[in-house]
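Q: Can you walk me through this fold? I'd like to start with some helix packing, then move on to other parts.

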Amino acid sequence: MKVLITGVAGFVGSNLAQRLLVRNHTVIGIDNLNYGFLRNIEEFKAHPQFQFIMGDIANPLILKEVKADIIVHLASQKIPRYTNALRTLEENYLMLRNVVHKCLMDKSKILFASTSDVYGKNPKIPFNENSDMVMGPTTVRRWAYALSKMYGEQYIIANREEYDLTYTITRFFGSYGPHQNLTWWGGPQSVFIERAFKNEPIDIHGDGMQTRTFTYVDDTVMALVNCIENNKSDNEIFNTGSVSNSEITIKDLATLIWKLVNGPNAEPKLNFIPYSNFGNYEDVMRRVPDITKLRTTFNFEPQWDLERGLTETIKWQKPFIK
Ligand SMILES: NC(=O)c1ccc[n+]([C@@H]2O[C@H](COP(=O)([O-])OP(=O)(O)OC[C@H]3O[C@@H](n4cnc5c(N)ncnc54)[C@H](O)[C@@H]3O)[C@@H](O)[C@H]2O)c1
């Protein structure tokens with residue numbers, strides 16, 4: 001197949017491109033390198049079935065000259081913890097509108113990267129694809145990201161109803177691994193690994209009792225490959241995460257990383273930062289996926305437990321520690 005990936009130089013995009021090339025697909029990748037890195041695509045940039053285009057997906061002209069069977073739309077602004085909410089809302093909409101129009105014109109399928117954040121504060125754990133989305137007030141800017149993805153999902157489904165767009169929506173739950181962004185943009189594990197190597201206290205937001213489930217990127221990518229190669233994914237939404245029993249508190253994640261880096265007897269240095277330091281911010285206290293649909297549709301089973309995945313990630317991240 002010919003697959004176009006937006007955000008190819010980012011974390012998920014570069015891992016996905018690499019896997020698709022191994023599976024003999026042709027890949028066109030676009031990225032403006034705002035949050036991605038050329039080093040992420042270095043290994044396969046010269047591959048004869050790969051083409052890289054540097055450009056902004058918010059500009060409709062960038063998609064004009066390319067055509068693919070499927071567009072995997074990964075390029076995105078994320079939670080505006082340190083960036084700005086207006087950019088999250090505007091850029092995510094503009095990019096998606098351009099990609100959807102392109103898909104309709106060329107009769108390509110869209111695979112849209114959504115997020116577990118769309119379930120928001122729903123207390124009913126685990127979340128399945130039909131669970132309610134419980135958002136906080138619009139005055140809290142962190143919800144701008146979840147709202148932009150919810151809007152994106154609705155926009156795609158409305159285009160299915162009106163114009164017969166073919167889609168798959170994947171809601172990622174905390175993916176991590178090689179090529180992850182080394183700042184908070186890449187998730188807490190990136191920063192925790194760096195602090196542990198430097199023997200500096202790990203900053204934990206709140207009391208650290210908030211939980212997440214983390215998915216090693218190989219599992220995230222394998223789920224995406226299933227959705228790309230198999231038309232059972234057409235017009236469906238999939239939680240894309242790890243097994244429910246991998247739920248871990250952020251405090252325990254920090255401790256685990258500290259011990260994997262500094263040895264099993266090392267005492268972790270943790271620095272708790274009250275949420276009030278971030279101004280008008282709200283966190284999600286638990287986030288656990290039900291991946292029954294992914295399992296039953298594709299016979300998919302995550303292969304990586306957290307300790308093995310983190311060990312691999314730490315090995316990859318070590319040379320970047322200054
Ligand atoms: N990584 C996760 O755990 C996670 C969790 C939930 C959802 N997601 C979603 O998955 C997708 C991929 O996430 P990621 O972690 O790989 O993010 P990432 O930031 O590493 O990669 C996104 C890439 O898109 C590029 N990009 C952003 N805006 C662009 C624009 N206007 N034009 C061209 N390129 C642009 C960035 O430079 C970056 O390389 C995103 O849509 C994200 O919202 C990721």
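Q: How are H6 and H8 set to each other: parallel, perpendicular or oblique?
A: Oblique. This is a predicted model. In it, H6 (residues 250-262) and H8 (residues 306-317) pack at about 55 degrees. Angles of 65 to 115 degrees would count as roughly perpendicular, and those under 35 as roughly parallel, so this pair is oblique.

Q: How far apart are the axes of H6 and H8?
A: The axes are 10 Å apart.

Q: And is the crossing left-handed or right-handed?
A: The crossing of H6 and H8 is right-handed.

Q: Which residues meet there?
A: From H6, Leu256, Ile257, Leu260 and Val261. From H8, Leu310, Thr311 and Ile314. By class, six residues of this contact are nonpolar, one is polar and none is charged.

Q: OK, now H4 and H6. At what angle do they pack?
A: About 40 degrees, with the axes 9 Å apart. H4 covers residues 188-198. The two helices are therefore oblique to each other. Their crossing is right-handed.

Q: What does H4 bring to H6?
A: Pro188, Gln189, Phe192, Ile193, Ala196 and Phe197. On the H6 side are Ile250, Leu253, Ala254, Ile257, Trp258, Val261 and Asn262. That contact has 11 nonpolar and two polar residues, with no charged ones. Ile257 and Val261 of H6 also meet H8.

Q: Switching to the sheet. What is the strand order?
A: E3-E2-E1-E4-E5-E6-E11. It is an open sheet of seven strands, with parallel pairing.

Q: Which strands stand at the edges?
A: E3 (50-54) and E11 (236-240). Each has a single partner strand, so one side of each is left without a neighbour in the sheet.

Q: How much are neighbouring strands turned against each other?
A: By 20 degrees on average, direction ignored.

Q: On to the ligand. How many residues surround the ligand?
A: 29. The closest are Gly7, Gly10, Val12, Gly36 and Ser76.

Q: Which element gives the largest share of that shell?
A: H1, with three residues. H1 (11-22), E2 (26-31), H2 (85-106) and E5 (109-115) each supply at least two.

Q: What about phi at Asn199?
A: It is near 60 degrees, a positive value in a residue other than glycine. Asn199 sits in the loop between H4 and E8 (202-205).

Note on methods: Residues numbered from 1 in each chain as written. Predicted model: local features only at pLDDT ≥ 70, side-chain atom pairs only at ≥ 80, totals over all residues. Near = placed C-beta within 6 Å. Helix = DSSP H or I, 4+ residues; strand = E, 2+ residues; numbered from the N terminus. Axes fitted to C-alpha atoms, helices over the stretch in contact; angles between N-to-C directions. Parallel < 35°, antiparallel > 145°, perpendicular 65-115°, else oblique. Left-handed = near helix turned anticlockwise from the far one by under 90°. Contact = placed C-beta atoms within 7 Å. Nonpolar A, V, L, I, M, F, W, Y, C, P; charged D, E, K, R; others polar. Pairing = 2+ DSSP bridges.
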